[in-house]
Amino acid sequence: MKDYDVIVVGLGIMGSSTLFHAARSGASTLGIESFGPTHQFGSSHGETRIFRRAYWEGEKYLPLLNRAHQLWAELQATTDEKLIVPTGGIFIGPQSTGVVKGSRNTAKAGAIAHEVLDATQIRRRFPAFHIPDGMEAIYEPGAYIIMANKVRLQMIDLAIQNGAETRFGRMVKKIEKCDGSVLLITTNDGEKFRARSVVITTGPWMARDLLPELSNHISSKRVPIYWFDNLDKHKQDFTSDNFPVFLYEHPDGHLIYGIPAGASSERGVKIGFHNRQHVPCTPNDIKKTVSKQHIAEMSRYIKQLFPGLNPHPIASRSCFYTMSTDENFLIGASEKFSNIFFASACSGHGFKFGSAIGESLALLAQGKRPPIDLSAFAVSRFDVSGK
Ligand SMILES: Cc1cc2nc3c(=O)[nH]c(=O)nc-3n(C[C@H](O)[C@H](O)[C@H](O)COP(=O)(O)OP(=O)(O)OC[C@H]3O[C@@H](n4cnc5c(N)ncnc54)[C@H](O)[C@@H]3O)c2cc1C
C-alpha cells in the first residue's frame, strides 16, 4: 500500500487545482476521480466560465477573487494555449438594486476599474441588449472568459509533471483512520492508499457519500443551460467588441447570465438562468435533457431581452449546481478528522475561484496557512439547525 502526503478526491476544478498546487509545492500527491479526465457530470464540464471581480455577491469574496485572478494569469503563462479570453463584463439591472448596487459596491471597495452606464449609454454601446428606461449597468473592462475544460486539463497535466499520480474511473468509498492520524482510503475496486491528509472536492456527491456532516447545508440542483444563434441582420451586435460576458437582472428578479459566441468551439451565445429553473435532484441523476416548459420559458425571456437572437435554442443541456443554504461557499476541515479538508457548495458561481481555492486547500492539507482568510466560508457560520 502506497503512502502520500495529500490525496485529493474528485477532480473537478477544485480538485484539479488542489492537485496542481500540492504537487507543485513538493508534496507527494494522488488524485482520484470517479470518471475520466473530462466528463459530463458534476459542475465543472463545458468549455467556458465567467470571471468577474465587481462581485455583486459581496465584498467578502474580494481577497479570493484577487488571488484567483493572479493565479489564472500565472496559469496562462505556462502555455501558449488560450486559457483566458478578455471580453469585459456588463452587469445590468434595475437602478440601484441587487446586481447593480452590489457590483458597484464591490468594485469601489476593491478599486476595480468600472464604469456606471445609464439606459441610454447601455443601448448605444451594447445594442444586443433590450434595455428599458430605469435600467443601469456596471461595466467591468477587466472581466473575462475562463476556458473551463482547458484550465482543468492544464492543471492536471502540470500536477503530473510535478510528480502527482492519478486514478481515473475509481470512486473513493471509504476514508478511515489507520495508524495515529494517518488516513486509509479505499476505492470501489478495493485498492487502498494511505495519506497524511485528504482533500474532498466531490461537488454534489460530497455530503451524500463522504462527508454526511455537511448534509444539512448542501443540496444539489439540476439547472439548464442554452445556446442561441443571432439573427443575420444583428450579427454585428454580437461580435466580441459589442457583446461582453453579462449578468442581466430582470425587473421580475430573475437573473440571467451569458457568454458571447466565438470564444470556444461551442456554437452560439451561451445563456442560462442563475436563480430559476432549478430542479432538486440527487447527484447521480444524470438526465441531461431540458424540459419543454423550461425551453419555452427561456425563449420568452430571450425574445424580450435579446431581439437580435433567434429565441429557439440551437442546443440545451442540464448541469449541476451544488447549493449551500445561503449560497456562499463551504470551505474548511471535517469535524470528524481534522486532516480531512473540503471545499464545495459553490452555488453556481465557484469556478472563477478554483485557482485560489485549490491553492488554499493544498496549503491547509500540508499544515500551512493559506494566504487568504477563509473564515467567511466556515461551516460554523450556520447555527446547529443548518440555517
Ligand atoms: C451551467 C453552469 C454554469 C456555470 N457558470 C459559472 C461561471 O460562469 N463562473 C463561475 O465562476 N462558476 C460557474 N459555475 C459554477 C462552477 O462551474 C462550479 O462552482 C464548479 O465547477 C464546482 O466545481 P467542483 O470541483 O466543486 O465540483 P464538480 O465539478 O462537481 O467536481 C466534483 C468531482 O468529484 C468527482 N467525484 C464525486 N464523488 C467521487 C468519489 N467518491 N470518488 C472520486 N471522485 C468523485 C466527480 O466525478 C466530479 O468530477 C457554473 C456551473 C454550471 C453548472
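**Ligand site and cavities**

Analyst: An oxygen atom of the ligand lies 2.7 Å from a polar backbone atom of Ile50; a polar contact here is a pair of N or O atoms within 3.5 Å. This is a predicted model, in which local features need pLDDT of at least 70, side-chain atom pairs count only at pLDDT 80 or more, and totals for chains, interfaces and linings use all residues. Residues are numbered from 1 along each chain as its sequence is written, and side-chain values use heavy atoms, with hydrogens and water left out.

User: Which residues come nearest to the ligand?
Analyst: Glu33, Ser44, Ile50, Cys319 and Lys352 do, out of 34 residues around the ligand; a residue counts if one of its heavy atoms lies within 4 Å. By class, this shell has 17 nonpolar, 13 polar and 4 charged residues, where Gly counts as polar and Asp, Glu, Lys and Arg as charged, while Ala, Val, Leu, Ile, Met, Phe, Trp, Tyr, Cys and Pro are nonpolar.

User: Which element gives the largest share of that shell?
Analyst: Strand E18 (315–324) does, with 3 residues. Helices (at least four residues) and strands (at least two) are DSSP runs, numbered from the N terminus.

User: Changing topic, how much space lies in the largest pocket?
Analyst: About 190 Å³, a volume being the space filled by probe spheres set on grid points. On a 1 Å grid over the protein atoms alone, a pocket is an open set with protein on both sides within 12 Å along at least five of seven lines, a cavity is a set of points where a 1.4 Å probe fits but cannot get out, and lining residues have an atom within 4 Å of a point. Of the 13 lining residues of the largest pocket, Ile175, Leu210, Leu211, Pro212 and Lys336 are the closest to its centre.

User: How many cavities of 30 Å³ or more are there?
Analyst: The structure holds 2.

Conventions. A polar contact is a pair of N or O atoms within 3.5 Å; within protein, one must be able to donate a hydrogen and the other to accept it, and residues adjacent in sequence count only if both atoms are side-chain atoms.
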